[in-house]
Amino acid sequence: YLYGSCVDLAEIQNISLQEITCRACFGIYAFFVKLRKLSKNNERGKKMANENTAKKSSSKTTVIALVVLIVLAAIAGGIYFMTKGDENTNLKTINVDIVLTDGTKTSHEIKTEKGNLYDALIEKGLLLEADAPGGMINKINSVSADSAKEEWWKIQKSGVSLLVGAKDQLIADGDKYEFVLTAGYDNF
């Protein structure tokens, strides 16, 4: 359960599980430093008649804190070693077909850790930022849409037209996309 939660957090934050483990260890350390400081302040505030009782209370707090620290460090270490060597936990493979108006199709497999279609296309070199001003794709894989012919790039996922642009389209492993060069603005 803890491992699954860490994987979910890594995906949401777009960071590696090793980084989460390091952050968790630092958080645990900071927690116990604060706990120890509070324990010392609490001891100073108490006026105990018997010094032995105060020493026993302090010793119990220290032992409990140490046991909890060891358990949490073991959990964090376990998460680290379960994910060690699995550097590409966010690696996705997507397929992108580029279909021209004459039906010619080129297929591209993209392996990426990017989170959206736009960034994956740029990483692969199929799209340049200059070819998509404001997110509107005018040119992909060196093929430009000709506005004089009312051409534009229709984006489809598994044959269904997207209702968002490439920047807003989140990708997942195994997704299949088509960029179809479409003539006529009536075909929107």
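**View 1. Glu 129 sits in the loop between helix H4 (117-124) and strand E3 (139-140).** Helices and strands here are DSSP runs numbered from the N terminus, with at least four residues (H or I) for a helix and at least two (E) for a strand. What you're looking at is a predicted model, in which local features need pLDDT of at least 70 and side-chain atom pairs count only at pLDDT 80 or more, while totals for chains, interfaces and linings use all residues. Residues are numbered from 1 along each chain as its sequence is written, and side-chain values use heavy atoms, leaving out hydrogens and water. Glu 129 has a relative accessible area of 57%, so it counts as exposed; the cut-offs are under 20% for buried, over 50% for exposed and partly exposed in between, with a 1.4 Å probe and protein chains only. To get into a patch, a residue needs over 30% relative accessible area and no salt bridge; like charges are joined within 9 Å, and nonpolar side chains (Val, Leu, Ile, Met, Phe, Trp, Tyr) within 5 Å.

**View 2. A nonpolar patch on the surface takes in Leu 72.** Helix H3 (residues 51-83) is where you'll find Leu 72. With Val 63, Ile 64, Val 67, Val 68, Val 71 and Ile 75, Leu 72 makes up a patch with about 550 Å² of accessible area together. Areas like this come from the Shrake-Rupley method with a 1.4 Å probe, and for residues only the protein chains shown count as cover. Leu 72 itself is partly exposed, at a relative accessible area of 30%.

**View 3. Strand E5 (residues 151-157) is largely enclosed by the rest of the structure.** Why call it enclosed? Because six of its seven residues are buried. Two strands pair if DSSP finds at least two bridges between them. E5 runs antiparallel to strand E7 (residues 176-183), and the two pair over seven bridges. One spot to look for is Gln 156, whose bridge partner in E7 is Glu 178.

**View 4. E5 and strand E6 (residues 160-161) make a hairpin.** These strands also pair in the antiparallel sense, over two bridges, and Lys 157 stands opposite Val 160 in E6. Two residues lie between the strands of this hairpin. Ser 158, in the turn, has a positive phi of about 50 degrees, although it is a residue other than glycine. Is Ser 158 buried or exposed? At 59% relative accessibility, it counts as exposed.

**View 5. Lys 157 and Asp 175 meet in a salt bridge.** The term means a side-chain nitrogen of Lys or Arg within 4 Å of a carboxyl oxygen of Asp or Glu. Here the N to O distance is 3.7 Å. The pair links distant parts of the chain, 18 residues apart: Lys 157 belongs to strand E5, and Asp 175 to the loop between E6 and E7. Asp 175 is buried at 10% relative accessibility, while Lys 157 is partly exposed at 29%. Look also for Tyr 177: it is 20 residues from Lys 157 in sequence, yet the two are 4.5 Å apart in space, C-alpha to C-alpha.

**View 6. Two further salt bridges involve Lys 105 and Lys 111.** How many salt bridges are there by this rule? The count comes to three. Lys 105 pairs with Asp 97, their closest N and O atoms being 3.9 Å apart, and Asp 97 is buried, with a relative accessible area of 16%. Lys 111 pairs with Glu 109, at 3.9 Å from N to O. Glu 109 is partly exposed at 45%, whereas Lys 111 counts as exposed at 51%.

**View 7. Asn 141 has a positive phi in the loop between E3 and strand E4 (143-144).** Its phi is near 55 degrees, again in a residue other than glycine. Asn 141 is partly exposed, with a relative accessible area of 26%. Stepping back, the protein chain comes to four helices and seven strands, running α-α-α-β-β-α-β-β-β-β-β from the N terminus on. Of its 188 residues, 29% count as buried.
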